[in-house]
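Please read the points below with the sequence and the model open beside you.

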Amino acid sequence: MASTHEHPGEQAAQDPIKLISIRDTPLSVDEILRAVGDDAAGGTALFVGTVRNHDGGADVDELGYSCHPGAEDEMRRIAGKVAAEYPVRALAAVHRVGDLRVGDLAVVVGVSCPHRGEAFEACRKLIDDLKHEVPIWKHQRFSDGTEEWVGA
């Protein structure tokens with residue numbers, strides 16, 4: 001019997017980037033899960049970022065996201081880097097822009113790999129790099145009337 005690493009399903013897919021998008025409409029976890037579905041994947045990891053009701057000790061009422069026109073291209077570059085580093089079968093990332101309320105989905109990313117450990121690692125790398133490198137800015141509005149800009 002051949003080594004399991006020789007099976008094509010153990011390798012990265014030819015074109016693993018299935019969905020990269022920045023949009024001003026509500027996000028769907030199911031859309032990402034469908035996009036990263038792959039019969040050769042034994043592990044699928046998702047990260048769902050939501051708008052929370054606090055930050056830095058202050059109550060958040062709402063926030064708005066805006067982005068640079070090249071932000072989606074930067075997301076695709078980062079996705080390609082993650083796909084090259086891990087045996088990714090499928091990868092998807094969608095970020096929301098516009099005004100959001102507490103509880104709204106701000107970002108959803110998903111990665112499927114042959115094994116769970118690889119999927120967890122690749123998903124974490126993807127969201128961490130997106131958060132640090134993609135030019136998306138968050139404008140938080142606090143309950144006390146103050147506001148703040150945060151972003152890559």
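1. Seven of the seven residues of strand β5 are buried, so β5 is largely enclosed by the rest of the structure; buried here means under 20% relative accessible area, exposed means over 50%, and partly exposed lies in between (1.4 Å probe, protein chains only). Helices (H or I, at least four residues) and strands (E, at least two) are DSSP runs, numbered from the N terminus.

2. This is a predicted model, in which local features need pLDDT of at least 70 and side-chain atom pairs count only at pLDDT 80 or more, while totals for chains, interfaces and linings use all residues. Residues are numbered from 1 along each chain as its sequence is written, and side-chain values use heavy atoms, with hydrogens and water left out.

3. Which residues point each way from β5? Ala 90, Ala 92, Val 94 and Arg 96 point one way, whereas Leu 91, Ala 93 and His 95 point the other way, and all are buried. In a regular strand the side chains alternate between the two faces of the sheet.

4. Two strands pair if DSSP finds at least two bridges between them. Strand β1 runs parallel to β5 and is joined to it by six bridges, with Leu 91 of β5 as the bridge partner of Ile 17. Strand β7 (residues 105-113) runs antiparallel to β5, and six bridges join these two strands; here Gly 110 in β7 is the bridge partner of Ala 92.

5. Leu 91 belongs to β5 (residues 90-96) and is buried, with a relative accessible area of 0%. Not counting residues up to four places away in sequence, Leu 91 touches several others, including Ile 17, Leu 19, Val 36, Val 82, Val 111 and Leu 126, where contact means heavy atoms within 4.5 Å.

6. Arg 23 lies in strand β1 (residues 17-23), and its side chain makes polar contacts with the side chains of Ser 21 (3.3 Å) and Glu 31 (2.7 Å). A polar contact is a pair of N or O atoms within 3.5 Å; within protein, one must be able to donate a hydrogen and the other to accept it, and residues adjacent in sequence count only if both atoms are side-chain atoms. Leaving aside neighbours within four places in sequence, Arg 23 is in contact with Glu 31, Val 94, His 95, Arg 96 and Val 97.

7. A search of the whole structure finds twelve salt bridges, a salt bridge being a side-chain nitrogen of Lys or Arg within 4 Å of a carboxyl oxygen of Asp or Glu. Side chains of opposite charge can pair when their charged atoms come close. One of the salt bridges joins Arg 52 and Asp 55 (2.6 Å, N to O), and Arg 52 is partly exposed, with a relative accessible area of 43%.

8. Arg 101 and Glu 62 also meet in a salt bridge (3.3 Å, N to O). Because Arg 101 lies in strand β6 (residues 98-101) and Glu 62 in strand β4 (residues 58-67), the pair ties together parts that are 39 residues apart in sequence. Glu 62 is partly exposed, at 23% relative accessible area.

9. Arg 141 forms a salt bridge with Glu 62 as well, the closest N and O atoms being 3.1 Å apart. Arg 141 lies in strand β8 (residues 136-142) and Glu 62 in β4, so this pair ties together parts that are 79 residues apart in sequence. Arg 141 counts as buried at 18% relative accessibility, whereas Arg 101 counts as exposed at 56%.
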